[in-house]
Amino acid sequence: MGDRGTSNHSGVTDFILVGFRVRPELHILLFLLFLLVYMMILLENVGMMAIIMTDPRLNTPMYFFLGNLSFVDLFYSSVIAPKAMINFWSESKTISFAGCVTQLFLFAVFIVTEGFLLAVMAYDRFVAICNPLLSSVQMSTRLCTQLVAGSYFCGCISSILQTSMTFTLSFCASQAINYFYCDVYPLQTISCSDLYIHKMVSFFLCIIIVFPTIIVIIVSYMYIVSTVLKLRSTEGHKKAFSTCSSHLGVLIVGILYGAGFLMYLTPDSFPELSKVASLCYTLVTPMLNPLIYSLRNKDVKEALGKILGGKCSYFTLF
């Protein structure tokens with residue numbers, strides 16, 4: 001690719017996604033595993049969006065946010081999984097320069113958007129439980145739309161900064177990306193440019209994205225738990241906890257996502273472990289989110305039962 005320091009990104013026509021360094025016979029097993037998980041992601045998230053859009057009872061802020069979360073989960077997993085599955089069968093494992101730019105940009109948009117959506121959802125539960133009489137006023141249709149639009153906007157701005165800075169680097173060491181998709185840190189490791197400014201920008205973005213969203217989630221649920229514990233009625237306890245039980249599961253997922261995001265800011269001494277950890281928020285999280293909501297939420301179970309034409313006895317069993 002030329003001498004060090006002289007060649008740059010303009011001379012790169014494609015990259016090689018190394019993927020998982022396993023024995024060739026395990027590629028079939030990994031392909032089947034990825035295929036199974038991705039099919040579940042498609043079925044669950046498309047189903048979740050269909051249920052929310054078709055049932056009038058789910059026309060509330062909570063389900064508006066859940067629908068957008070399913071949309072985000074569906075698309076950022078679709079940015080990663082198909083190409084990874086193709087590479088299990090491919091000898092070259094290449095991805096074009098334009099394809100790499102597109103993959104990084106879209107993944108960054110949706111993964112950051114999800115972080116903000118999780119914070120918005122926690123705030124919505126805080127309002128619904130701590131200020132139930134003012135909930136319909138505070139969480140108006142206009143505000144909900146603005147919060148979702150703001151989440152996508154923040155995702156786009158962050159992605160533009162990360163993508164534009166990453167692909168102004170000089171890639172003169174190697175075209176082989178030791179990862180199964182194009183991401184910021186793996187691309188930085190094959191660059192011969194000075195990475196100080198890029199790492200500072202990445203760290204700054206992490207500070208203003210990950211920590212505020214996690215703080216909003218934690219503080220919101222601290223107030224929720226405090227409010228619920230003050231209720232005298234046992235039925236009130238059950239109803240309040242039932243309302244936010246699915247989101248408590250997402251709190252764990254959100255922290256996991258934040259921890260995974262932070263991994264890219266530290267030296268990657270164990271690349272295979274980093275790849276496995278990244279699977280948690282690229283494939284496992286989009287698969288788990290709809291399951292958490294459908295199996296723990298009475299309204300969703302009843303709506304699904306209505307769509308299927310049954311009485312929802314099977315889903316009530318869960």
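Which helix does His 198 lie in? His 198 belongs to helix H7, which covers residues 196-230. Keep in mind that you're looking at a predicted model.

**His 198 and its surroundings**
- His 198 has a relative accessible area of 12%, and under 20% counts as buried, so this residue is buried.
- If you skip the neighbours within four places in sequence, His 198 is in contact with Met 165, Thr 166, Thr 168, Leu 169 and Gln 188.

- S1 is joined to strand S2 (residues 94-96) by three bridges, and the two run antiparallel.
- On the S2 side, look for Ser 96, which stands opposite Asp 14.
- S1 is also joined to strand S3 (residues 176-177), this time by two bridges, and this pair runs parallel.
- Over in S3, Ala 176 stands opposite Ile 16.

**Helix H3**
- Helix H3 runs through residues 97-130, which gives it 34 residues.
- From its first C-alpha to its last, H3 reaches 50 Å, close to the 50 Å expected at 1.5 Å a residue.
- Of the 34 residues in H3, 25 are buried, so the rest of the structure largely encloses this helix.

Notes. Residues numbered from 1 in each chain as written. Predicted model: local features only at pLDDT ≥ 70, side-chain atom pairs only at ≥ 80, totals over all residues. Heavy atoms only, no water. Helix = DSSP H or I, 4+ residues; strand = E, 2+ residues; numbered from the N terminus. Buried < 20%, exposed > 50% of the residue type's maximum accessible area, 1.4 Å probe, protein only. Contact = heavy atoms within 4.5 Å. Pairing = 2+ DSSP bridges. Expected span 1.5 Å × (residues − 1).
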